[in-house]
Amino acid sequence: MRLNRIVLPTVLVVVAMVVQVSVLARLHLPGAVPDLLLLTVLGLAISYGHVAGCLIGFFAGLLADLAPPADHAVGRYALVLCVVGYAAGLAKPESGRLRTAAGPMLVVIGGAVATTLLYAGVGSIVGDTAGAHVGLAKLVLTATIYDLLLAPFVVPLVMAMARHFDHDPMSEDVSGGYGGGRAGRIRTGIAAPRGGLFGRGGTMVRGARR
């Protein structure tokens with residue numbers, strides 16, 4: 001993984017975690033809380049692919065597990081975001097261009113539902129009942145709604161930053177890596193995709209869980 005693929009995700013994840021804990025977690029919304037950390041992981045995973053998505057998800061989840069006022073078992077959210085980040089990275093388009101915004105929004109819906117269910121499932125396995133007093137159906141519904149409302153302001157921005165700092169990370173070079181730079185594109189004879197984020201000129205630490 002390139003240096004800019006380490007520095008940028010680290011900065012974005014830390015910022016998302018700070019905003020999550022200091023702002024979003026204090027809104028006292030019914031059910032869950034908008035998961036800025038999850039949306040950041042999803043945006044990076046779609047941009048970089050499943051391997052990077054898995055690693056970024058694990059780091060982000062571990063940070064959430066250790067950051068106060070977390071009261072659940074350490075590693076619980078790391079495991080969840082690791083799996084979700086890997087799955088979201090599979091949505092990275094092979095063509096190097098997202099034609100519509102529908103794809104990322106579907107990833108957000110799937111990520112919100114999967115994160116909530118996996119979090120609850122892992123908690124039941126390890127005997128961690130933090131947030132069990134809130135109904136699972138209510139958590140899934142509110143988490144999905146809140147994340148969808150926040151996603152249009154977060155996911156495109158994260159993906160645009162990843163694209164800018166990685167010199168088009170959504171194109172694949174001849175060696176199988178992503179964002180292979182100008183030389184790789186010239187060798188393969190494929191021009192870098194142009195246009196906006198979706199090809200038209202332009203994505204919680206669940207509060208109720210804690």
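Predicted model: local features only at pLDDT ≥ 70, side-chain atom pairs only at ≥ 80, totals over all residues.
The crossing in which α1 passes α2 is right-handed. On the α1 side, the contact is made by N4, R5, L8, P9, L12, V13, A16, M17, V19 and Q20, and these residues meet L36, L37, T40, L44 and Y48 of α2.

A second pair of helices can be described in the same terms, since two packed helices are described by the angle between their axes and the distance between the axes. The axes of α2 and α3 come within 8 Å and cross at roughly 165 degrees, which makes α2 roughly antiparallel to α3. The crossing of this pair is right-handed. The contact is formed by L37, V41, L44, A45 and Y48 from α2, together with A52, G53, I56, G57, A60 and A64 from α3.

The largest nonpolar core holds 38 residues, of which L37, L42 and Y77 touch the most other members. Two or more residues are given to this core by each of α1 (4-22), α2 (36-48), α3 (50-66), α4 (76-89), α5 (102-126) and α6 (136-165), and the element that gives the most is α2, with 10 residues.

V13 has its place in helix α1, and it counts as buried because its relative accessibility is 0%, where the cut-off for a buried residue is under 20%. Apart from its neighbours within four places in sequence, V13 is in contact with L37, T40, I56, F59, A60 and L63. The C-alpha atoms of V13 and A64 are separated by 9.8 Å, although these two residues are 51 residues apart along the chain.

H28 is placed in the loop between α1 and α2 and is exposed, with a relative accessible area of 71%. Most residues other than glycine have a negative phi. For H28, however, phi is near 55 degrees, a positive value in a residue other than glycine. L90 is found in the loop between α4 and α5 and also counts as exposed, at 55% relative accessibility. The C-alpha atoms of L90 and H50 are 5.3 Å from each other, while the two residues are 40 residues apart along the chain.

The cysteines were considered last. A disulfide is a covalent bond between the sulfur atoms of two cysteines, and a pair of such atoms is counted here when they are within 2.5 Å. The cysteine sulfur closest to that of C54 belongs to C82, and because the two atoms are 3.0 Å apart, they are too far from each other for a bond. C82 is buried, with a relative accessible area of 18%. By this rule, the count for the model comes to zero disulfides.

How values were computed
Residues numbered from 1 in each chain as written. Heavy atoms only, no water. Buried < 20%, exposed > 50% of the residue type's maximum accessible area, 1.4 Å probe, protein only. Core = buried A, V, L, I, M, F, W, Y, C linked by side-chain atoms within 4.5 Å. Helix = DSSP H or I, 4+ residues; strand = E, 2+ residues; numbered from the N terminus. Left-handed = near helix turned anticlockwise from the far one by under 90°. Contact = heavy atoms within 4.5 Å. Axes fitted to C-alpha atoms, helices over the stretch in contact; angles between N-to-C directions. Parallel < 35°, antiparallel > 145°, perpendicular 65-115°, else oblique.
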